[in-house]
Amino acid sequence: MEPLFYVMAILGCGDGNTACTEARLVPVQYQSMAQCRAALANEIARNTDVPYPTIGANCRASGAQYARAETAPTSLRR
């Protein structure tokens with residue numbers, strides 16, 4: 001199993017931050033969402049070569065993620 005980590009996507013957007021699409025992924029893995037968000041401004045500044053009128057960035061979880069299953073009652077009693 002791989003651990004959970006966070007990655008940043010650089011987004012290219014039309015005027016007014018509309019119709020955003022992923023232009024590239026930053027090749028850095030962050031240990032927390034807070035670390036990723038703290039790096040947003042610097043990474044946007046490093047990725048100004050994206051050919052869109054507006055650029056942005058988004059952090060998201062990556063790696064193995066597991067859902068916790070809640071146990072349901074086996075029968076209903078009346």
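Which residue in strand 2 stands opposite Gly14? Gly14 faces Thr18 there. Before going further, a word on the source: this is a predicted model, in which local features need pLDDT of at least 70, side-chain atom pairs count only at pLDDT 80 or more, and totals for chains, interfaces and linings use all residues. Residues are numbered from 1 along each chain as its sequence is written, and side-chain values use heavy atoms, with hydrogens and water left out.

Let me begin with the sheet. Helices (H or I, at least four residues) and strands (E, at least two) are DSSP runs, numbered from the N terminus. Two strands are said to pair if DSSP finds at least two bridges between them. Here, 3 strands form an open sheet in the order 2-1-3, with antiparallel pairing. Strand 2 and strand 3 stand at the edges with a single partner strand each, so one side of each has no neighbour in the sheet. On average, neighbouring strands of this sheet are turned by 35° against each other, direction ignored; the axes behind this angle are lines fitted to C-alpha atoms, for helices over the stretch in contact, and angles run from 0 to 180 degrees between N-to-C directions.

Strand 1, residues 5-14, is joined to strand 2 by 5 bridges, and the two run antiparallel. Their hairpin has 3 residues between the strands, and Gly16 takes a positive phi near 75° in it. With strand 3, strand 1 pairs over 9 bridges, again in the antiparallel sense. One of the partners is Gly56 in strand 3, which is bridged to Leu11.

How many residues of strand 1 are buried? The count is 10 of the 10, so the strand is largely enclosed by the rest of the structure. Buried means under 20% relative accessible area, exposed over 50%, and partly exposed in between (1.4 Å probe, protein chains only). In a regular strand the side chains alternate between the two faces of the sheet. In this strand, Phe5, Val7, Ala9, Leu11 and Cys13 point one way, Tyr6, Met8, Ile10, Gly12 and Gly14 point the other way, and all are buried.

Ala9 illustrates this strand. Ala9 counts as buried because its relative accessibility is 1%, and its bridge partner in strand 2 is Leu25. Asn58 is 49 residues away along the chain, yet the two C-alpha atoms are separated by 5.3 Å. Contact means heavy atoms within 4.5 Å; leaving aside neighbours within four places in sequence, the contacts of Ala9 include Glu22, Arg24, Gly56 and Arg60.

Glu43 is found in helix 2 and is buried, with a relative accessible area of 10%. Beyond four places in sequence, Glu43 touches Met8, Ile10, Val26 and Tyr30. Asn47 lies in the loop between helix 2 (40-46) and strand 3 (54-62). At 9% relative accessibility, Asn47 is also classed as buried. Its side chain reaches the backbone oxygen of Glu43 at 2.7 Å. A polar contact is a pair of N or O atoms within 3.5 Å; within protein, one must be able to donate a hydrogen and the other to accept it, and residues adjacent in sequence count only if both atoms are side-chain atoms.

Finally, Ser32 lies in the loop between strand 2 (18-25) and helix 1 (33-38). Ser32 is partly exposed, at 25%. A polar atom of the Ser32 side chain lies 3.1 Å from the backbone nitrogen of Gln35.
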